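Hi everyone, thanks for coming. Let me put the sequence and the structure up on the screen, and then we'll walk through a few spots together.

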Amino acid sequence: MSTRAQRVAVIGGGPGGLYAAALLKRLAPDRTVTLWERNAPHDTFGFGVVLSDETLGGIEHADPVVYAALKDEFVRWDDIDVVHRGVRRTSGGHGFAALGRRRLLEILHERCRALGVDLRFRTEAPPVDVLRAGHDLVIAADGVRSRTRETYADVFRPRVEEHRNRYIWLAADMAFDAFRFEIAETGHGVMQLHGYPYSDHASTVIVEMREEVWRAAGLADLDVRESVGRVAEVFTDALGGRALRSNHSSWLTFRTVVNDRWSHGNCVLIGDAAHTAHFSIGSGTKLAVEDALALAACLHEHPTTEVALKAYEAERRPVVASTQRAARASLEWFEDLARHLDQPPRQFAFNLLTRSRRVTHDNLRLRDARFTAAVEEEFGCPAGTPPMFTPFALRGLRLRNRVVVSPMDMYSATDGVPGDFHLVHLGARALGGAGLVMTEMVCVSPEGRITPGCAGLYSPEQGAAWRRITEFVHTRAPGTAIGVQLGHAGRKGSTRLMWEGIDEPLPASEDNWPLVAASPLPYKPGSQTPRELTHRELVCIRAEFVSAARRAVSAGFDLLELHCAHGYLLSGFLSPLTNRRRDAYGGPLEGRLRFPLEVFDAVREVWPDDRPMTVRISATDWAEGGTSAEDAVATARAFAAHGADAIDVSTGQVVAGEQPAYGRSYQVPYADRIRGETGVPVIAVGAISSWDDVNSLILAGRTDLCALARPHLYDPNWTLHAAAEQGYTGPGAPWPRQYRAGSRPPRTGRSDAPKPRLTLPG
C-alpha cells in the first residue's frame, strides 16, 4: 500500500463523502480527489440537518470557510416541547442548530469545487474493485444500502437489523419554535411526531408509529400523497392546519447497521455505510461528518494509509458504539411508547427527554432547573431531596432510600459459614448508607453450592453466624435493611472459586459433588452433566428452601429474595434452553414455572407476613430460542400473583454461549417493561454506576429501586458519598455519628497555577 494516498476515490455525494473529499484536498492540494454521485446535485432525501456544537467546533478548526458558511445559515433554538394529551411541557437549555439538507450540500459542493475536487454527478461509480486498483484510497460513503459493504460482506461482516416502527420524512412550511415531540392516541394506536425548524419558514417533520398501527390506520393501502394528507390531519393542531410535503419520501423501517470491520485494504467505510444511529437522537449526519474529520486527520498524521485506516477505526469505533447504544435505547423507547402514556405528564416528559441516557437528571437540572424541580415535585420529592433519597415501602419494610447493594458472591465462607470477612463486607456497606444491603446467594444445601466457598443456611451454625451479621447491621447502621438471597446452584455447582477459574469444574482430585438440574444438560463443554431431578427430589429440595427460610427468619433478615436467575437451579426450570422436561414441570412456560412457584409458595408460607419477598429473574438468556421479553413479563406477573412484592430484574448467565449487549444500564429496559406492563415494583440492575443514573431512572419511572454491585466494591460508602456530592443531608442518607466529621469531601491542594495578573509589552 502506498505511503501516501495521492489518488482518492469517493463513492457517494452525501455530507460525509463531500466533506471527506474537501478535507483531503485541502490538506494536500496536489492530491487528486474524485467523487461519484449517481443523483443530480440538488437531489436529496429529507429536509433539515441537526449538528451539535461539538461537531461544529471540529468543522471550525478543520475548515473555517465551511464553518463560516454554515454559521450564516443555521437556525438555533434551546427548547424541547413534549405535547401529550393536549398538554405541552417545555424544557429549555438544550441548544440545537439546524439548516436545510439541500443548503448543506450546496455549501459542500461549492467548497469542493473551489478546492479542485472532481465532482461527477448523475454518474454511477465504477465497480469498487476497479476503483481500488486505480486509486490509493477508496472512501465508501454510499449510505445505508452500501453496495461497497455488500461487495466485501465477507470482510466487513455487516449485521443489519430492521426495527418495528414505520416512519416517513416530511416537511411543513412553518418554523416550530422548539424541537417538538407530539403524541397522538388514535383509534388505531399511538402515532408520534418529531419536528424541528431548519429555516425561518420551514420545519422537518417525521411521523412514526408501530407497524401494526400503520396497517390498522390504512396507511399501508394508500399512496404516499394520500398517507401524508392523512397524518397531517392527525397532527393538525401541531401544524396549525398546514399541509405536509414530501421529498422522495416513503414509509420506511429503520435499519441499524453494524460492521465488524470498516476497512479492507485501501477501501474504507464512513457514515451510514459503516454504521447507523436512529434519527430520534439526530446523529446520522453528525456521525458522517465526524467520520470524515477523523479520517482526514488520521491520513494526515500517520505515515501510511494502512496505519491511518487502523487509527481511524480505533478512534471512531468507541464513539460510534456509544452513540449506537444511546440510539437503540431511544429507538426502543419510541417503539414501546404506548407503555409510558399513563405516566404523570411531567414524568412522561422527563422520561422522554432522558430515554437515550445521554440526557440525565443532573444535566437536565443544569439546563432547566425549574422544569426538573417541577418533575421532582410531581414525583413527591421533598424540597432539596434527590429522587434516590426518597423512601420506598415493600410490605411492612420502609426503605429510607432507593439504593440496594446488589447480591455479590464472595466465595469466602468455610463449610457454608459466613465469617469475619462477611461481617466486615456487609457491615461496611450497611454503614455506607444504602437503603437495603443484600447477601450473596446463600445456598440451601451443601449440594446446592456453586463453590466450596459459598455461604449457606442449612445448619444451626450458619444461622447463628448470619444472626451476628444482621444484629451488627441493625445495631450499628439503624435504618439500613438487610436481605438474604436464597438459591441452589443446580447445574452450575461444584466449581472453583471465582479467582481460580469462574465456572470451571473443581479438579478431579478435590471433593466434587453430584449436580442436579431440570434436565441433564451440562453448563458448558467440560462441565459435569447434572442428573435430571425426580418428583421425589423436587419435594426434598423444596423442603430445603423452606428450612433455609426458617433459619433466615431466626437470623433476623428483613427481606428474602428467591434466586431464579443466572442459570442456577430455579432459573434452569424457567428457561426453555435448559428445561427439556416432558412432564408437568417442563414444556410451555406454565409448566416451566411450576416448580419455582411451588418453592416460592412454600417459602412465602413460613416467611413472616409483614416482611417482603422478592424474586430475581433473568429477563433474557441473550441466546436464540431462550427466554423472551414476553416470557419475562409473564414470569414476573405469575410471581406477583403468588405474593412477590418486587421483581429483581437481571439477565443472562443461563447458557455459556450467550451474547449480551453490554452497555450502560443495559438491563434496565427489561425492568422498565416489567414494571410498565405488570404494575409490579422492580429492582433494576446492570451497569448502573453513577448516582446521576440512579436519580434519572427513579424519576423517569423506569424502576423503583436500583441495585449496584461493583460501585459498592469500589466504594463501600458509595451512597453517603453520593449524598455529599449532591449536597444532601436529609434522612435518606444519615452519616453514622462516628463518621460525621468526614461527611464533606476533603480539601485538596491547588492544582491550578495562578494566572498572570498583568501582561506588559516587550
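So, how many of the 5 residues of strand β5 (residues 80–84) are buried? The answer is 5 of 5, so to speak a mostly covered strand, where buried means under 20% relative accessible area with a 1.4 Å probe, protein chains only. Strands here are DSSP E runs of at least two residues, helices are H or I runs of at least four, and both are numbered from the N terminus.

A word on the source: this is a predicted model, where local features need pLDDT of at least 70, side-chain atom pairs count only at pLDDT 80 or more, and totals for chains, interfaces and linings use all residues. Residues are numbered from 1 along each chain as its sequence is written, and side-chain values use heavy atoms, with hydrogens and water left out.

Back to β5: I80, V82 and H84 point one way, D81 and V83 the other. β5 pairs with β6 (residues 87–91) in the antiparallel sense over 5 bridges; pairing needs at least two DSSP bridges. With β11 (residues 179–186), β5 pairs in the parallel sense over 4 bridges, and I80 sits opposite F179.

Now over to H712, in helix α25 (residues 710–714). H712 is buried, at a relative accessible area of 1%. Its side chain reaches the backbone oxygen of L708 at 3.0 Å.

Notes: Buried means under 20% relative accessible area, exposed over 50%, partly exposed in between (1.4 Å probe, protein chains only). A polar contact is a pair of N or O atoms within 3.5 Å; within protein, one must be able to donate a hydrogen and the other to accept it, and residues adjacent in sequence count only if both atoms are side-chain atoms.
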